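Trainee: Hi! Could you walk me through this one? I'd like to hear about the aromatic rings.
Mentor: Happy to, let's open it up.
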Amino acid sequence: MILRIAPRSFSLCTPSTIYCRNFGFGLPSLPSLSKGKTKEYSERRILGYSMEQMFDVVADVKQYKEFVPWCTNSTLLYSRQGPPGNEKYQMEIGFPPISERYTSNVTTVRPNLVKAVSTEGKMFNHLATEWKFSPGLPNNPKTCTLDFYVSFEFRNILYTKMSQLFFDEVVRQMVNAFLRRAATQYGVAAIPNQKPLVVKMV
């Protein structure tokens, strides 16, 4: 994902067409110096919001520029009603002075799934994010269980090295940004913030 690296870096949405700008001047394409290493992260945690509430926050890609770290724009290009729903967005991510654009293909199944995938582009070999929502605590419909997964692989060594430096920070901020958005829209969570169970980080 659906997929806002560095202090003011990039968001893990999804690419297919990428452009770079440096204060209005085009940046040269970076060579594929070596095959990038695939980075993967997945976690599970109980959230203090319902499946429907969290689904609506994550599926609202048009608003990512308002709250997702490093996402500066998100424009709807195509929409098909589901289930499953399918939408295509032009995303812009960046940190001064670099800005990059790409497309993100988003599949949704309310209230259980939001998935963003891309398999082409100049920056990534692939990029995918997946948010799965299932029932939370017994007899507490105001909670849900989140299974979050992200996987990506850069095409060149420079971005690979950057990801190794900032990957931990990015994945920590991703879910927390959506929880802050849920708090803005729905108020205080039904339970205190829970520490995630990290299932995979490579």
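**Aromatic rings**

Mentor: In this predicted model, let's start with Phe-67, which counts as buried at 15% relative accessibility, because the cut-off for buried is under 20%.

Trainee: Which residue does Phe-67 form an aromatic pair with?
Mentor: That would be Tyr-64, in an edge-to-face pair with 5.8 Å centre to centre and 80 degrees between the planes. Both residues lie in helix α2 (residues 64–67), three residues apart, about one turn of the helix.

Trainee: And Tyr-64, buried or exposed?
Mentor: Tyr-64 counts as buried, at 2% relative accessibility.

Trainee: Which residues form the aromatic cluster?
Mentor: One cluster is formed by Tyr-41, Tyr-64, Phe-67, Trp-131, Phe-148 and Phe-178.

Trainee: Okay, zooming out: how many aromatic pairs does the structure hold?
Mentor: There are seven aromatic pairs. In one of them, Tyr-49 and Tyr-186 have ring centres 6.5 Å apart and planes at 50 degrees.

Trainee: Why is that pair of Tyr-49 and Tyr-186 called tilted?
Mentor: Because planes under 30 degrees apart count as stacked and over 60 as edge-to-face, the 50 degrees between these planes makes the pair tilted.

Trainee: Where do Tyr-49 and Tyr-186 sit in the chain?
Mentor: They link distant parts of it, 137 residues apart. Tyr-49 is in the loop between β3 (39–47) and α1 (51–59), while Tyr-186 is in helix α3 (residues 157–186).

Trainee: What about the relative accessible area of Tyr-49 and of Tyr-186?
Mentor: Tyr-49 is buried, with 5%, whereas Tyr-186 is partly exposed, with 31%.

Methods: Residues numbered from 1 in each chain as written. Predicted model: local features only at pLDDT ≥ 70, side-chain atom pairs only at ≥ 80, totals over all residues. Heavy atoms only, no water. Phe/Tyr/Trp six-rings, centres within 6.5 Å; stacked < 30°, edge-to-face > 60°. Helix = DSSP H or I, 4+ residues; strand = E, 2+ residues; numbered from the N terminus. Buried < 20%, exposed > 50% of the residue type's maximum accessible area, 1.4 Å probe, protein only.
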